[in-house]
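Reader: Please show me the structure, and then take me through how its parts pack together.

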Amino acid sequence: MHDIDQLLPFHTYSLKDFIEEAAAIRADEDDPHRCSSFERFVLTGRNEARGHQAVLDPLRNRIARDSPVNISRDYDSLIGISKHVRIREHLYILPVSRHEKALTTSVHLRMHIEREVPFHHIPNVHLGKWGERGDMLLVFPSLYSSTRKDVHLSKVESKELYEKGILPTIAALGENSTDWPATYTDELWRARKASGGFAFRAVGLASWCLEDFGDLLRRELDMHSVHWADGFQFFHQVRGVKNTTHHSPSGRNAKRALKEFLGSVALGEILGDEIAGEDRWFVDVGLEFSHPGQCFCWRTDGHSLVVANALQIPMEASRGITSLGSSKYARDLCSHLLDISGCRIEPGERTRGTFNTAYLQMYTTDKAPTYHPEGSFHGKAIRGQEILRAKHAPAFCKGLYEAYCNSATHHDSNARIEVRVSLQYGHQVMRILPDDIIRQSLVSFTREIWWNFRSWRLLAATEVLTAQIKGAGRFRAQPNALILTAALAWFINGIHSAPLEGASYRELVRAVLPHTDHPPTHLFSDAGLGSDDEGTEDDDDDEETGPWLPCGAVFFRDIVLPPESSVPRMKQGRAISGRAIRYLFNAYYQDIQHLLNPVGILSKADIPDSRIPTQKGMTATRVDISDDEVTSFNLAERGYALPPPQMDMGDDVDLGDAANLNDDPQATLDGKLTTMWRQFLIDVIQKAPNPKGLLNRSYCLVLEKDRLCARENFYQNQKLSDVWRVCQYKMADETLWMNTFARFWPPKGHLLAPSAQNYKSCRYYNDWKRFVSEVPPELANVSRKEIKRKFDTLYWIPAASCDKMWNTNKKRGFTALPDGYSGNAPQLLIKGARKPTWERDEL
């Protein structure tokens with residue numbers, strides 16, 4: 001199947017034109033389906049009203065010859081591998097290292113161990129830190145094996161390193177060992193928090209000890225026969241300092257800035273001949289291009305020009321390593337646009353150029369608002385499983401949209417190139433790029449156009465996702481809808497980050513992009529640098545067609561939107577495997593079906609908002625009482641007070657401590673009674689019952705937040721239709737009212753049956769029980785009479801029984817409201833002769 005015949009005639013847009021057309025389609029009041037027309041245009045490029053297919057041409061924004069471009073040079077990071085600690089500053093060593101600080105991602109450098117092995121494949125441990133940006137690691141080449149799966153040291157290895165290496169070395173240095181844990185196990189125990197996490201600590205080692213530290217550590221490990229540590233090396237790393245090292249790209253400034261940089265990180269001596277002969281040092285050098293109010297991006301067709309000049313290699317060689325067929329090259333699309341992209345290159349031996357370049361990358365600085373490395377993602381990312389479980393429009397999308405909109409007025413974006421070269425060439429490399437190469441390799445957009453383009457693409461994707469989430473689960477769980485869900489997550493993440501690669505993502509792309517015979521454009525590079533590695537890609541050599549991107553950007557093949565379908569989905573066509581579904585959603589397809597479309601099982605989404613859950617556990621505490629509420633009772637004026645707190649006997653007991661407890665107004669008698677009374681008023685309604693069946697609305701109409709604010713006037717309202725959807729009431733005589741009061745406020749000595757419901761999980765009830773048990777009988781009786789006086793001001797109250805606060809069974813002697821209702825409903829008692837009113841007929 002291929003889609004070449006399904007495309008409308010092409011029409012070319014600039015980014016500005018595309019934004020304006022999208023806004024016009026969304027605002028077209030003559031189109032009853034303008035939202036779906038907008039979503040289809042932005043996501044697929046199909047402009048049905050005008051009868052054409054959008055093609056985006058960002059190269060219309062190429063930089064003119066007279067446009068100003070600011071150029072800044074800087075040093076961003078430093079890596080050094082040595083047998084010795086080369087810093088001249090205090091080193092803070094971790095007796096128990098943090099696993100996440102180990103080297104597990106590529107630094108694009110290798111060590112020769114029978115063959116060239118990437119450093120992040122060699123077992124290593126984070127030793128400690130120096131300064132604000134320096135990390136020291138130990139690398140153990142003798143532990144390397146192609147069959148070893150984990151680069152972290154095992155617990156046994158970590159224990160040996162500390163107890164047989166570091167600790168004896170500290171002693172040999174003559175340092176005070178009292179701050180160092182006696183064993184690795186002791187420190188591991190100390191670091192473990194009650195929550196299960198760890199609080200690691202570092203112990204400082206003075207700078208004058210570091211010159212001999214490496215030799216002594218090597219000696220101690222050898223003496224203790226820790227042979228797996230043979231040949232270890234110190235891995236020095238400084239990162240993220242470009243903002244403090246920028247300078248104009250002239251020879252003199254470059255050399256001075258490098259010297260100042262090395263001095264600022266306590267490595268001012270490493271350029272000496274003696275050290276340079278045995279160590280390997282690399283520095284990242286950057287060039288950044290900018291202009292206020294502008295967003296600069298690299299042109300895809302300019303990669304070879306820039307790389308040839310930066311590496312000082314022939315143009316033919318540069319074209320070779322910047323082609324999609326090169327295993328050394330990865331291309332990172334920028335905002336889904338094919339003609340503007342960054343790249344990452346690990347040059348081979350023949351293309352490292354004059355400066356022995358180990359790594360080169362070209363990118364834009366617009367990632368700062370979304371930068372958040374986590375797992376395989378480098379920026380903030382929404383996951384497929386997060387969308388499946390969402391009940392409303394994903395909060396992630398709202399936050400991302402706001403970040404884009406704010407960036408449109410505040411965040412410029414610069415084009416940047418970085419190279420990792422041998423330190424000796426740090427002041428020589430990339431001192432300048434010729435002006436004609438700069439202008440042939442960059443495009444520039446206003447801040448508003450660049451970020452608004454992203455905002456519109458995100459908005460369309462979010463609206464489609466929201467429509468899916470609101471749709472019926474049985475349709476969301478169908479394959480074509482799930483494919484679109486996964487594609488939208490991939491699409492949203494790719495707006496601000498390079499699209500993720502790997503077998504499952506390639507399979508997804510083949511399912512959602514248009515196809516053609518012998519596609520001329522590829523989305524993924526063959527290098528796959530930084531791609532996911534969840535499995536091997538299915539063999540697709542037999543496919544007659546492949547993904548096609550003829551329109552300058554990532555546009556989906558046609559999607560089906562409501563009202564043409566129940567939920568948004570891909571048009572019937574290509575599928576993806578169960579393995580891909582499992583990876584993209586972190587769930588098996590059958591589990592997704594159970595989640596979205598459970599058969600005979602209610603989900604929380606099925607429960608109506610009008611059903612307020614009954615508080616099953618201990619009731620919530622009301623807010624602290626205010627000063628005017630303290631006077632709700634006035635027993636203090638009649639000479640009553642709380643007895644002193646019960647305290648243990650002994651010479652060490654200060655009776656004044658008991659008096660101090662009464663400084664709190666709520667610790668006074670009147671304050672305590674007021675607190676219990678106010679708590680009673682909210683506890684009773686928190687326990688209001690619900691009808692059986694989760695799909696039925698609550699009997700009580702009051703929202704949960706308002707139930708926590710209930711006061712006397714809540715129970716004094718004679719219009720019961722304000723509070724209840726249905727209820728049944730009985731006019732209570734004095735005896736019935738008094739008996740009910742006794743169930744809510746039992747006398748001293750009362751025992752509640754263990755089978756009783758509601759009472760024992762009411763906070764006021766537990767406080768009352770404790771209060772009457774601790775005060776003399778007279779004070780308990782007086783306090784109860786005062787509460788009865790307040791209780792008698794209420795108009796209605798639940799018809800409580802001995803074992804249950806709320807009853808709902810239809811009962812003789814009770815009158816149902818509204819008239820004609822004959823089902824179960826909360827039983828209420830009414831005080832006095834005034835019958836309740838009801839002003840609502842519907843249930």
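Author: Helix 13 passes helix 15 in a left-handed crossing, a term for the near helix being turned anticlockwise from the far one by less than a right angle (clockwise is right-handed). This is a predicted model, where local features need pLDDT of at least 70 and side-chain atom pairs count only at pLDDT 80 or more, while totals for chains, interfaces and linings use all residues. Residues are numbered from 1 along each chain as its sequence is written, and side-chain values use heavy atoms, without hydrogens and water. Helices (H or I, at least four residues) and strands (E, at least two) are DSSP runs numbered from the N terminus.

Reader: At what angle do the axes of helix 13 and helix 15 cross?

Author: Axes are lines fitted to C-alpha atoms, for helices over the stretch in contact, with angles from 0 to 180 degrees between N-to-C directions. Those of helix 13 (residues 447-470) and helix 15 (residues 479-496) come within 10 Å. The crossing angle is roughly 155°.

Reader: Which strands stand at the edges of the open sheet of eleven strands?

Author: The strand order is 10-5-8-9-11-4-12-19-16-15-14, with antiparallel pairing; two strands pair if DSSP finds at least two bridges between them. Each edge strand has a single partner, so one side is left without a neighbour in the sheet. They are strand 10 (203-205) and strand 14 (329-334).

Reader: Which helix packs on the sheet?

Author: The helix touches strand 4 (70-82), strand 11 (233-238) and strand 12 (280-290), contact meaning heavy atoms within 4.5 Å. Its direction makes about 45° with that of strand 4. It is helix 6 (residues 251-264).

Reader: Which residue in strand 9 does V125 stand opposite?

Author: Strand 8 (residues 124-130) and strand 9 (residues 134-139) pair in the antiparallel sense over six bridges. Opposite V125 is L138.
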